[in-house]
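Please look at the sequence and the model that follow. The paragraphs below lead from the terms used to the details of the fold.

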Amino acid sequence: MCLPAPHDNNNDNGQGYRPAPDSELMRGRAVLVLLLSVLCGIGAGALWSLAGHPWPETVVTGGAATGGALGLFHQLVGTRW
C-alpha cells in the first residue's frame, strides 16, 4: 500500500530557498569575533603544549580558551560595522 507524499506548505513553487543576491554569508563582525577567538584558542593551546602538557590536555585547553574568548569578543566588538 502506498502512502501519499507529505504536503509541502512553504509555498515556494518548488524553487527551494534562495537567499537574496545582496545577502552576505557572514557579516564582518562575526568573522572578526570568530577569528580573534580562534587565535586566542590556538595561542592558549600552543602555550599549554610548550609547558610540557600532553596533547589531549592541549586540545581541551585550546577549545576552552576559544569558547571563553568567543563570549568576550562578542561583547567587546561593537555592533556597528
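A residue is called buried when its relative accessible area is under 20%, exposed when this area is over 50%, and partly exposed in between. Leucine 35 has a relative accessibility of 48%, so it counts as partly exposed. This leucine belongs to helix 1. The model under discussion is a predicted one.

With these terms in hand, the whole protein can be described. It contains 2 helices and 0 strands. Of its 81 residues, 12% are buried. The protein exposes about 6900 Å², and carbon and sulfur atoms supply 65% of that area. Contacts across the sequence deserve attention as well: among those between residues at least 6 apart in sequence, 71% join residues at least 24 apart.

Helix 2 is considered next. It covers residues 55-76. At 1.5 Å a residue, its 22 residues should span 32 Å, and the C-alpha atoms at its ends are 31 Å apart, which agrees. Which residues of helix 2 are buried? They are Thr58, Gly62, Ala69 and Phe73. Because these residues cover an arc of only 35° around the axis, they lie on the same side of helix 2. On the other side of helix 2, Val60, Ala64 and Gln75 are exposed. Helix 1 is included in what covers the buried residues of helix 2.

When neighbours within four places in sequence are left aside, threonine 58 is in contact with Gly45, Trp48, Ser49 and His53. Leucine 35 and phenylalanine 73 are 38 residues apart along the chain, while their C-alpha atoms are separated by 9.8 Å.

Finally, the surface may be examined. Where is valine 31 placed? Valine 31 is in helix 1, which comprises residues 28-50. Its relative accessible area is 42%, a value between the limits of 20% and 50%, and therefore valine 31 is partly exposed. Together with Met26, Leu34 and Leu70, Val31 makes a nonpolar surface patch of about 310 Å².

Methods:
Residues are numbered from 1 along each chain as its sequence is written. This is a predicted model: local features need pLDDT of at least 70, side-chain atom pairs count only at pLDDT 80 or more; totals for chains, interfaces and linings use all residues. Side-chain values use heavy atoms; hydrogens and water are left out. Patches are made of residues with over 30% relative accessible area and no salt bridge: like charges are joined within 9 Å, nonpolar side chains (Val, Leu, Ile, Met, Phe, Trp, Tyr) within 5 Å. Accessible areas come from the Shrake-Rupley method with a 1.4 Å probe; for residues, only the protein chains shown count as cover. A salt bridge is a side-chain nitrogen of Lys or Arg within 4 Å of a carboxyl oxygen of Asp or Glu. Helices (H or I, at least four residues) and strands (E, at least two) are DSSP runs, numbered from the N terminus. Buried means under 20% relative accessible area, exposed over 50%, partly exposed in between (1.4 Å probe, protein chains only). Contact means heavy atoms within 4.5 Å. The expected span of a helix is 1.5 Å times one less than its number of residues. The arc is that of the directions from the helix axis to the C-beta atoms.
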